[in-house]
Amino acid sequence: MMELAEKESWMRRALELARKAWGRTHPNPMVGAVLVDGDRVLGEGYHRAAGDAHAEVDALSGVSSPVPESAVLFVTLEPCSTAGRTGPCTEAIRKAGVRRVVVGARDPNPEHGGKGIELLREQGIEVESGVLEEACTDLNLIFNHWMARGRPLVAGKMAMTLDGKIACRSGQSQWITGEPAREDVMRWRRLFPAIAVGAGTVLSDQPRLTSRVPGEDEWCPFRMVFDGLLRTANQRDFPSLYTDEFRDRTVVVTTELAGTGYVRRLEREGIRVWVLSADNSQVSYESFRERCRQEKIYGVYIEGGSQLLSGMLQHAALDYLFVYQAPLFFGDDKAKPALRGLRTEKIEQGVRLEKTRHTVVGEDRLCRGFVRYPEKLQVDELLFGHFK
């Protein structure tokens, strides 16, 4: 029998394989699998893209059947038990003669969770689950959220000083964090199907909003601009987001309060425009989430600025938050704060992160986790009560 440390070592290898498909499997999860016999690898694989072979099938494809009775299959996610574009992995495992399977995380789909494990056991296959479960679950933040809640994961990102500032009083903000942190942001950009910023960020920073990872081709997700009154469209010269080679991947999210002439001007340049309902001249975040759901955009990475992220927190519209913190402080009450507009009179009224993960990135730190809004407070109370 394997010791726990050995099981975890093989599962870490399966996780490494799964990450090779980072951001490429939507709407499917990233999954890795390793078939071992003692200290010998018989086969390994991962799910490369939706419609391609699943990780278990990929790992078993080059292995002579039946596999040795002592072989163990490690897989980061519970094998599927239903047929989609590919056949059920439970059947492939049975046909290959695998006698023992070690699973990282269970299937987050409420209709399927646990069924794959149950089916394998019914076929006489020994199954152990929960090895490196936290890491295996964390791998598929976007997929898990979609399966559990049927809506996209809306995640915010901010980079700040130790005293919570994102720019000094002159407005200078580049760069608070170091190069390793900025490279890490590029990696997370590659995971999310869409990146969003506010109109102010577009006008002041002229961002490109692509993922630029060393050794990989530049990748462009859907690039979304929150612009309730179409300020970005009434300039004489369009921002670069609207004119570069990726402009067909750009979506301007606005309201019916914006001028139809500006909408037509954007559309003539090949820019998509979502005209959604308004909430005090701003885009209704619930309408935005629903439109993303309809368009099957499973995750959105909100990079700010401060006004957009603060507004989304006030409306309880963020599900997840990435906070990069540099070992730097300004000590200046006129420096620009990361968040504003939250009236927090008691500790229990604060917005917390849960299931947090902490990473040292160069000289900086990343804290990320799910946003938990104050208990006993409804959204209307968040809007009109404590969070005026």
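User: Which residues of helix α4 are buried?

Analyst: In α4 (residues 115–122), these are Gly-116, Ile-117 and Leu-120. Buried means under 20% relative accessible area, exposed over 50%, and partly exposed in between, with a 1.4 Å probe and protein chains only. Helices (H or I, at least four residues) and strands (E, at least two) are DSSP runs, numbered from the N terminus. The model is predicted, so local features need pLDDT of at least 70 and side-chain atom pairs count only at pLDDT 80 or more, while totals for chains, interfaces and linings use all residues. Residues are numbered from 1 along each chain as its sequence is written, and side-chain values use heavy atoms, leaving out hydrogens and water.

User: What do they pack against?

Analyst: The buried residues of α4 pack against α3 (89–96), β4 (100–105) and β5 (126–129), where contact means heavy atoms within 4.5 Å. After α4 comes Gly-124, with a positive phi near 85°.

User: Turning to the largest nonpolar core, which residues touch the most other members?

Analyst: Val-98, Val-101, Trp-188, Phe-192, Leu-266 and Phe-322 do, out of 75 residues. Such a core is a set of buried Ala, Val, Leu, Ile, Met, Phe, Trp, Tyr and Cys residues joined through side-chain atoms within 4.5 Å. Helix α1 (residues 4–19) supplies the largest share of this core, six residues.

User: And what is Phe-192 in contact with?

Analyst: Setting aside neighbours within four places in sequence, the contacts of Phe-192 include Ile-142, Leu-153, Trp-219, Tyr-301 and Phe-322. A second, separate core has 31 residues, among them Val-154, Phe-288, Leu-318 and Tyr-373.

User: How many disulfides are there?

Analyst: The count is zero, a disulfide being a pair of cysteine sulfur atoms within 2.5 Å.

User: Which helix gives the most to the lining of the second largest pocket?

Analyst: That is α6, with five residues. Others that each supply at least two include α5 (133–138), α10 (285–294) and β18 (364–372).
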